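Let us walk through this structure step by step, beginning with the chain as a whole and then turning to a few of its residues.

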Amino acid sequence: MPKPHSEIVVPVDSRQLSGVTQWQLRCPSCGASSIDRAGIGPDHESIVVHPDRDDYDSPLGTRGGYVRIDLVCSTGHEFAFVIGNHKGEEYIGLVST
């Protein structure tokens, strides 16, 4: 069963960086905090479109530009972190791979 979003993206105590909010991504399947690039193909896939066209479907289901980074946790769960943009709206999400 997937972890709730409050256990997947957690704030990091960043006392050294005043005014900066940092978040740590955890595995959506098991909650592991040790995550690295999946090593399948290039480091990331980037579909950047300007002006914002609807020619591309992101893994999040949005239309337009997106960046996808394939990741794997220390226990072997693979997923993708996706940042999508559609008509000026920003979306982030995790997608099982």
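The accessible surface of the chain comes to about 6600 Å², and 51% of that surface belongs to carbon and sulfur atoms; such areas are calculated by the Shrake-Rupley method with a 1.4 Å probe, and for residues only the protein chains shown count as cover. This is a predicted model, in which local features need pLDDT of at least 70 and side-chain atom pairs count only at pLDDT 80 or more, while totals for chains, interfaces and linings use all residues. Residues are numbered from 1 along each chain as its sequence is written, and side-chain values use heavy atoms, with hydrogens and water left out.

The chain has one helix and seven strands, arranged along the sequence as α-β-β-β-β-β-β-β; helices (H or I, at least four residues) and strands (E, at least two) are DSSP runs, numbered from the N terminus.

Of the 97 residues in the chain, 25% are buried, meaning under 20% relative accessible area with a 1.4 Å probe and protein chains only. Cys27, Ala32, Leu71, Cys73 and Phe79 form the largest nonpolar core, a set of buried Ala, Val, Leu, Ile, Met, Phe, Trp, Tyr and Cys residues joined through side-chain atoms within 4.5 Å. Apart from neighbours within four places in sequence, Leu71 is in contact (heavy atoms within 4.5 Å) with several residues, among them Leu25, Ile35, Phe79 and Phe81.

Glycine 31 lies in the loop between strand E2 (22–25) and strand E3 (35–37). Its C-alpha atom is separated by 6.5 Å from that of isoleucine 8, although the two residues are 23 apart along the chain.

Key
Buried means under 20% relative accessible area, exposed over 50%, partly exposed in between (1.4 Å probe, protein chains only).
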